[in-house]
Amino acid sequence: MRRPQLDIQLKTPDQIELMRAAGLVVARALRLMREAVAPGVSTADLDAIAEATIREAGAVPSFKGYHGYPASICASVNEQVVHAIPSSKQVLSEGDLISIDCGAVLNGWHGDAAITVGVGETDPALLKMAAVAEDSMWAGIAAAARGAASGKGRLTDISHAVEHAVRKGGRYGIVDGYGGHGIGTEMHQDPHVLNHGRPGKGPRLVRGMALAIEPMITMGSPRTVELSDGWTVVTRDGSMAVHVEHTMALLDDGVWVLTAEDGGRARLGGLVTSRQPADSPAV
């Protein structure tokens with residue numbers, strides 16, 4: 001079923017279960033890549049881990065071939081914000097900051113998530129920025145859950161919650177023009193989810209919605225530029241950037257963070273649907 005105007009795809013609980021399976025594939029790939037991040041490792045090495053993990057699970061990398069994109073992950077280092085293409089020439093060094101974005105499609109349903117990881121000994125200020133981005137993502141997810149439960153929530157309640165958490169965390173740039181999105185039988189669907197804005201606007205938050213929430217923040221200006229490869233987005237002023245993301249879905253009794261191995265339970269507690277077992281093991 002699709003809502004009018006923005007063409008928002010609403011999922012049944014059974015379809016959300018299928019998305020959860022895809023989300024767990026993404027979660028495992030990201031966990032293995034996080035463990036592999038170290039000085040001397042190339043972003044191509046990480047891409048190989050992701051592709052092998054996704055295909056071993058019977059899934060397909062969502063990114064590979066998407067509008068011609070040549071890899072299974074986006075691996076954005078330091079001033080690279082998003083969409084950087086993995087390369088054997090991009091070798092991680094002590095103190096780098098890498099954002100890894102990964103997607104998988106399983107049985108026709110997509111999962112999409114991103115993490116930011118420090119390489120070796122990393123400047124605490126950079127790790128704080130990554131933590132602020134992650135906190136803002138969870139704030140957005142919590143706002144979606146509460147808004148759907150009340151029956152009064154609107155899409156920009158998520159955007160406002162993300163922005164408020166970032167502003168509370170420090171003086172960071174919130175990247176404009178990029179944000180979260182609907183997700184389901186396609187990787188990118190309506191609606192676009194900004195990471196800033198006034199609350200109470202846009203479509204209502206209702207059961208069956210599945211959204212990817214993905215803050216991107218910088219140490220400096222929020223302005224970006226796309227490089228000549230047609231993919232890599234960098235900060236215009238060369239400042240460091242971070243990017244995090246989870247896929248979530250709204251059900252009758254709460255939210256399900258489909259790309260979190262615990263379904264979001266550790267960060268959201270009772271806001272999480274009962275479909276997520278409280279004692280579920282990591283995959």
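User: Which residues of α1 are buried?

Analyst: Bear in mind that this is a predicted model. Buried here means under 20% relative accessible area. An α-helix has 3.6 residues a turn, so residues three or four places apart point the same way. In α1, the residues that count as buried are Ile-16, Met-19, Arg-20, Ala-22, Gly-23, Val-25, Val-26, Ala-27, Ala-29, Leu-30 and Met-33.

User: How many Å apart are the end C-alpha atoms of helix α1, and what span should its 24 residues have?

Analyst: Helix α1 runs over residues 13–36. At 1.5 Å a residue, its 24 residues should span 34 Å. That agrees with the model, because the end C-alpha atoms are 35 Å apart.

User: Over how many bridges do β6 and strand β7 pair?

Analyst: β7 covers residues 109–118, and Ile-98 stands opposite Val-117 there. The two strands make a hairpin with two residues between them, and Asn-107 in the turn has a positive phi of about 55 degrees. The pairing is antiparallel, over ten bridges.

User: What is the bridge partner of Ile-73 in β6?

Analyst: β4 pairs with β6 in the antiparallel sense over five bridges. β3 also pairs with β6 in the antiparallel sense, over two bridges, with Val-60 partnered by Val-105. For Ile-73, the partner in β6 is Cys-102.

User: What kind of aromatic pair do Tyr-69 and Trp-231 form?

Analyst: A search of the whole structure turns up one aromatic pair. Its rings, from Tyr-69 and Trp-231, sit 4.9 Å centre to centre, with 75 degrees between the planes. The pair links distant parts of the chain, 162 residues apart: Tyr-69 is in the loop between β3 and β4, and Trp-231 in the loop between β13 and β14. Planes over 60 degrees apart count as edge-to-face, so this pair is edge-to-face.

User: Is Tyr-69 buried or exposed?

Analyst: The cut-off for buried is under 20% relative accessible area. Tyr-69 has 3% relative accessibility, so Tyr-69 is buried.

Note on methods: Residues numbered from 1 in each chain as written. Predicted model: local features only at pLDDT ≥ 70, side-chain atom pairs only at ≥ 80, totals over all residues. Heavy atoms only, no water. Phe/Tyr/Trp six-rings, centres within 6.5 Å; stacked < 30°, edge-to-face > 60°. Helix = DSSP H or I, 4+ residues; strand = E, 2+ residues; numbered from the N terminus. Buried < 20%, exposed > 50% of the residue type's maximum accessible area, 1.4 Å probe, protein only. Expected span 1.5 Å × (residues − 1). Pairing = 2+ DSSP bridges.
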